[in-house]
Amino acid sequence: MAKISLRNIEKRYDATLVLHDCSLDIADHEFMVLVGPSGSGKTTLLRIIAGLERVSGGEVFFDDACVNDVDVGDRDIAMVFQNYGLYPHMSVYDNMAFGLRRRKLATADIDARVRRTAQLLDIEPLLARRPRQLSGGQRQRVALGRAIVRDPAVFLLDEPLSNLDAHLRVQMRAEILKVHRAVTATAVYVTHDQVEALTMGDRIVVMNGGRIHQVGTPGELYDRPVDRFVASFIGTPQMGFVECHVERIADRLELTTPAARIDLVDRDVQLQSGNRVTIGIRPECLALLSDADAQSADVAVRGTVQVVEMLGAEHYVHVATDGGALTARVPRHQSVKVDETVTFAASARDVHLFDADTGRALR
Ligand code: ADP
């Protein structure tokens, strides 16, 4: 069991700072996901937790002990990588037993642990096989098994599912969570896939450019992104953004563009006439309306249909407005054609507001 604290972590490679002042608390037995685009610093942060990289600044704590000077072998962690890292000349059983034998555990104890773990992962019939005689999904299970058989305090996973096909990835996500529930370890899981992050994380850390943008539960990140980067990275299809400026009309503030009318009556935000604001609306919050009905909506946006993607039960309709692009989820029975001019309505409470210059959410 371990809680992990990162305090003001910096990492420099020569003159380049790749992690900027990263602070994070991971609770005991939490499943924490680090997500962000390629190059955002996720793997570097994971390797720092593992002890495979030294920090250039800041401190790493396991429970209340600073582990900055503790070697990887003494940190009570186990890692699972994208490329499995199994020993090809050893059976599945020996791959799983290897670390335990090195720690000189009794043979009967090793056997009990390997069999219990194999049962948990449904790989008992494979114990005598070599890695090359396994499918990708089976290899990934063995790699997981080899990590959890050691009963570590911390379980670190770096893109463990990226070599698997889409169907198997979905199945293995559920398996990894099942395994995590069955053990006491704290888990830190790196992925560039926001769907994986949303479906797996107790909490998620969103990273970009070596910085932590936001830490929160999947619901918090989806409903209350702190900035435009998090808003656009979390959720698929992406949130759409339209640039507006604020106008005072009689006693009310309205956001206007030639394409949109947004009534801010009930929003508790400090805006002045003339401010530039970016609005963000998620695809499921837009409803296709006739122009007449749109008059009574809090928010109405006009645009031209660029692309219609058919997804079975619904369409994704991509619309260009003169302030930016929006995507809407439209039920299949509502027919929409490319080049058509359409009006979408949304409720004011579903509109996210961002400072157009800094990208910070306005609340
Ligand atoms: P991610 O896991 O999010 O894709 P990484 O942590 O691998 O990102 O990399 C973050 C940044 O650090 C990248 O710009 C990468 O090029 C740089 N980087 C990673 N490892 C090294 C290294 N050993 N030497 C120099 N730069 C590195």
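Residues are numbered from 1 along each chain as its sequence is written, and side-chain values use heavy atoms, with hydrogens and water left out. In this predicted model, local features need pLDDT of at least 70 and side-chain atom pairs count only at pLDDT 80 or more, while totals for chains, interfaces and linings use all residues.

Helices (H or I, at least four residues) and strands (E, at least two) are DSSP runs, numbered from the N terminus. Six strands form an open sheet with mixed pairing, in the order β6-β7-β8-β3-β9-β10. The edge strands, each pairing on one side only, are β6 (77–81) and β10 (211–216). Two strands pair if DSSP finds at least two bridges between them. On average, neighbouring strands of this sheet are turned by 15° against each other, direction ignored. Strands β3 (residues 31–35) and β9 (residues 203–208) run parallel and are joined by four bridges. Val33 has Ile204 as its bridge partner in β9. Strands of a sheet pair through backbone hydrogen bonds, either parallel or antiparallel.

Helix α4 (residues 136–148) lies across β6 and β7 (154–158) and runs at about 170° to β6. For such angles, axes are lines fitted to C-alpha atoms, for helices over the stretch in contact, and the angles run from 0 to 180 degrees between N-to-C directions.

A polar backbone atom of Gly39 is 2.7 Å from an oxygen atom of the ligand. For Lys42, a polar side-chain atom lies 2.8 Å from a ligand oxygen atom. An N or O atom in the side chain of Thr43 is 2.8 Å from an oxygen atom of the ligand. On its own, the ligand has 560 Å² of accessible area, of which the protein covers 55%. Accessible areas come from the Shrake-Rupley method with a 1.4 Å probe; for residues, only the protein chains shown count as cover.

Asn95 lies in helix α2 (residues 92–102). Asn95 is counted as buried because its relative accessibility is 0%; buried means under 20% relative accessible area, exposed over 50%, and partly exposed in between (1.4 Å probe, protein chains only). Not counting residues up to four places away in sequence, Asn95 is in contact (heavy atoms within 4.5 Å) with Leu86, Tyr87, Met90, Pro131 and Arg146.

Thr304 belongs to strand β16 (residues 299–310) and is partly exposed, with a relative accessible area of 28%. The C-alpha atoms of Thr304 and Ala2 are separated by 53 Å, the two residues being 302 residues apart along the chain.

Most residues other than glycine have a negative phi, and most peptide bonds are trans. Asp21, in strand β2 (residues 16–26), has a positive phi of about 45°. Phi of Asp76 is near 60°, and Asp76 lies in the loop between β5 (65–66) and β6. A cis peptide bond, with omega about -5°, joins Thr236 and Pro237. Pro237 is in the loop between α8 (228–233) and β11 (240–249).

Conventions: Polar contact = N/O pair within 3.5 Å; in protein donor to acceptor, adjacent residues only side chain to side chain.
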